[in-house]
Amino acid sequence: MSNISNTRIDADRLWDSLMEMAKIGPGIAGGNNRQTLTDEDGEGRALFQSWCEAVGCSMGLDQMGNMFARYEGTDPDALPVYVGSHLDTQPTGGKYDGVLGVLGGLEVIRTMHDQGIKTKHPIVVTNWTNEEGTRFAPAMLSSGVFSGKHTQDWAYDRVDAEGKRFGDELERIGWRGDEVVGDRKMHAFFELHIEQGPILEAENVDIGVVTHGQGLRWIECTVTGKESHTGSTPMHMRKNAGRGLALITELVHEIAMKNQPNAVGAIGHIDVYPNSRNIIPGKVVFTIDMRTHLLDKLEAMVAELMEKAPKLCEDIGVEFSAEIVGQFNPPAFDEACVAAIREGAEAMGYSHRDIISGAGHDACWINDVAPTAMVMCPCVDGLSHNEAEEISKDWAAAGANVLMHAVLKSAVVVE
């Protein structure tokens with residue numbers, strides 16, 4: 001491979017593209033509301049396609065609406081190197097989550113086009129449909145179908161809060177393709193993303209080299225007691241399901257803390273019944289989210305919860321039951337792809353550190369069907385899924401430069 005260590009993307013062009021895309025589906029507080037399969041999503045897709053075609057890419061579209069902009073290599077039979085992320089956002093999302101990965105991939109192609117860089121392997125910039133999962137659960141839906149985690153029929157039947165089907169909305173906005181989902185074979189896949197956490201900024205590090213993603217278990221728990229009057233029921237005679245919730249909340253925290261580093265646990269969604277000011281809760285349903293990048297540790301955390309939570313509830317006269325309602329095992333990214341990212345950071349003089357992704361990404365699913373790795377850049381205060389999400393132009397450029405190095409190394413630059 002020829003020396004590309006001095007090759008840089010156009011930082012101003014990348015930034016201008018991010019700002020131009022952000023005009024589509026603006027939020028109310030400076031971010032974006034460009035939820036999947038909305039008219040705004042369709043408009044953003046059309047803009048992305050126009051940019052890709054302007055540098056000679058052909059656009060592929062599969063039956064889940066995944067977009068594949070192909071930039072030809074010198075060997076049409078060589079498996080392509082894929083790069084990308086997602087253009088959809090949260091209802092109160094930022095301008096960079098996902099979008100940086102798609103437009104960073106486009107900027108790699110634009111730089112190659114400008115500088116006449118040729119590679120043996122074609123390069124394909126991808127926009128995965130419905131990564132966020134905020135309108136149609138679950139997250140990473142279309143990359144999940146691509147990698148065989150979900151069936152297409154099941155995905156098409158997902159409904160939003162208004163009862164609208166995923167498949168119907170995909171047809172409505174005109175972005176359902178004919179290509180069979182998952183038929184494409186990849187030489188490698190790279191995803192650039194903002195960290196969505198505070199580590200890189202706090203340590204003043206330019207680049208996160210993502211070695212693993214976190215595995216996840218969502219455990220839906222039900223604590224059952226007895227509804228009774230808050231004023232007239234003696235304390236020693238209460239069967240307070242809310243107290244069971246409180247004890248298990250502390251248990252989850254204790255389990256996560258003793259499994260440090262890189263383990264987390266919390267209770268997010270909670271439903272209290274009957275949720276009245278003067279009735280002791282008779283039932284509480286809540287979901288525990290436990291994550292770590294080591295499968296043995298994750299399974300041990302869940303096992304400890306399942307062992308101790310029933311006893312805590314029994315001691316106060318309430319009942320406990322639980323089931324796992326969501327899960328995926330920790331992905332370990334491909335060592336050669338990870339090394340290409342690390343090498344790119346070093347060649348370009350960026351500070352870097354290994355990091356574990358705390359959030360799920362399309363790369364986590366694609367990792368099961370192709371060699372995969374991720375590169376991350378900092379974000380201010382680690383804030384994401386928020387309209388105040390922010391990065392700097394320099395951070396975006398650094399991430400895209402390292403992405404370019406890794407992609408070109410994998411695609412093999414031709415002299």
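The side chains of Lys 149 and Asp 368 meet in a salt bridge, with N and O 2.5 Å apart. A salt bridge here is a side-chain nitrogen of Lys or Arg within 4 Å of a carboxyl oxygen of Asp or Glu. Lys 149 lies in the loop between helix H4 (141-146) and helix H5 (152-156), and Asp 368 in the loop between helix H11 (362-366) and strand S15 (372-377), so the pair ties together parts that are 219 residues apart in sequence. Helices (H or I, at least four residues) and strands (E, at least two) are DSSP runs, numbered from the N terminus. Lys 149 is partly exposed at 33% relative accessibility. Asp 368 is also partly exposed, at 48%. Buried means under 20% relative accessible area, exposed over 50%, and partly exposed in between (1.4 Å probe, protein chains only).

The model is predicted: local features need pLDDT of at least 70, side-chain atom pairs count only at pLDDT 80 or more, and totals for chains, interfaces and linings use all residues. Residues are numbered from 1 along each chain as its sequence is written, and side-chain values use heavy atoms, leaving out hydrogens and water.

The whole structure holds 23 salt bridges. Arg 176 pairs with Glu 171, the closest N and O atoms being 3.6 Å apart. Arg 176 is partly exposed at 30% relative accessibility, and Glu 171 is partly exposed at 48%. Arg 184 forms a salt bridge with Glu 179, with the closest N and O atoms 2.5 Å apart. Glu 179 counts as partly exposed, at 23% relative accessibility. Salt bridges that share partners also join Asp 39, Arg 135, Asp 160, Glu 169 and Arg 172 into one network.

Glu 169, a member of that network, lies in helix H6 (residues 166-172). Glu 169 is buried, with a relative accessible area of 7%. A polar contact of 3.1 Å joins the side chains of Glu 169 and Arg 172. Such a contact is a pair of N or O atoms within 3.5 Å; within protein, one must be able to donate a hydrogen and the other to accept it, and residues adjacent in sequence count only if both atoms are side-chain atoms. Leaving aside residues up to four places away in sequence, Glu 169 touches Leu 37, Arg 135, Phe 136 and Lys 164. Contact means heavy atoms within 4.5 Å.

Helix H2 (residues 39-54) has 16 residues. From first C-alpha to last, H2 reaches 23 Å, close to the 22 Å expected at 1.5 Å a residue. The expected span is 1.5 Å times one less than the number of residues. Buried residues of H2 include Leu 47, Phe 48 and Trp 51. The buried residues of H2 pack against helix H1 (11-22), strand S1 (58-61), strand S2 (67-71), helix H3 (99-115) and strand S5 (123-127). H2 is followed by Gly 56, whose phi is positive, near 90°.

The chain is divided into domain 1 (11-213 + 330-411) and domain 2 (215-328), with bounds from an automatic or database domain assignment. Their C-alpha centres lie 35 Å apart. Eight residues of domain 1 are in contact with eight residues of domain 2. The area buried between the domains is about 660 Å², of which carbon and sulfur atoms give 75%. Pro 330, Ile 356 and Trp 365 supply 63% of the area that domain 1 buries against domain 2, more than any other three residues. Buried area is the accessible area (1.4 Å probe) that two parts lose on being put together, summed over both. Between domain 1 and domain 2 there are zero salt bridges. One residue pair is in polar contact across this interface, both residues at pLDDT 80 or more.
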